[in-house]
Amino acid sequence: MKHVLSVLVKNQPGVLVRVASMFSRREFNIESLTVGETEKSEFSRITVVVSGDENIVDQVLKQLGKMPDVEVVKRLNEGSSVCRIMTLIKVQADDTNRLDVLKMAELFGARVIDVQPTTLIFEITGSEDKVKAFNRVLSSYKVLEVIQTGFTGLERGEHTILEYCEEREYYGKNLL
């Protein structure tokens, strides 16, 4: 089973290496990893997808929570968060099939980001299922290249991960 974790860390050199090394040392598998600066430049957010049962995820949460550079760890649940991936797909498309390929892209809400005489590059953002379905549809054409980001996500509603950071200071914990 896949679990999406949002990890708020101090935005400083080496933090990502230390977080990734923790996974490696404890033999946890990372299925997906994205990182980027947040709205506050002193923090970065790492979104990591791990697979395993509850015991494994609990261990990951505990180990991340012990790290000095980690401010907050939050599990993103399917119903209470929005998670997306972005994929770029290069498809062979010439005069014989270009319109068909463009119609498929329109059905899935994919954007054309590059047009060449014999190829098209699409960008599609959405759930993992949506992106996989689009890839399956395009497989009947000649797909030349595919690159995909990892998951990224936010909790729904007004709450932010920074609120949990304030709770940590008050309660002395950084694990939710």
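Modeller: Strands (E, at least two residues) and helices (H or I, at least four) are DSSP runs numbered from the N terminus, and Ile 46 lies in one of them, strand β3, residues 43–51. This is a predicted model, in which local features need pLDDT of at least 70 and side-chain atom pairs count only at pLDDT 80 or more, while totals for chains, interfaces and linings use all residues. Residues are numbered from 1 along each chain as its sequence is written, and side-chain values use heavy atoms, with hydrogens and water left out.

Biologist: Why does Ile 46 count as buried?

Modeller: Buried means under 20% relative accessible area, exposed over 50%, and partly exposed in between (1.4 Å probe, protein chains only); Ile 46 has 1% relative accessibility and therefore counts as buried.

Biologist: What is Ile 46 in contact with, leaving aside its neighbours within four places in sequence?

Modeller: With contact taken as heavy atoms within 4.5 Å, the partners of Ile 46 include Leu 5, Val 9, Leu 33 and Val 35.

Biologist: What does Val 35 count as, and why?

Modeller: Val 35, which lies in strand β2 (residues 30–37), has 46% relative accessibility and therefore counts as partly exposed.

Biologist: Which residues of helix α4 are buried?

Modeller: In α4, residues 128–138, Val 131, Ala 133, Phe 134 and Leu 138 are buried.

Biologist: How do you know that they are on the same side of α4?

Modeller: The arc is that of the directions from the helix axis to the C-beta atoms, and because theirs covers only 160°, they are on the same side of α4. The face turned away from that buried side carries exposed Asp 129 and Arg 136, whereas the buried residues pack against β5 (81–92), α3 (98–108), β7 (119–126) and β8 (143–148).
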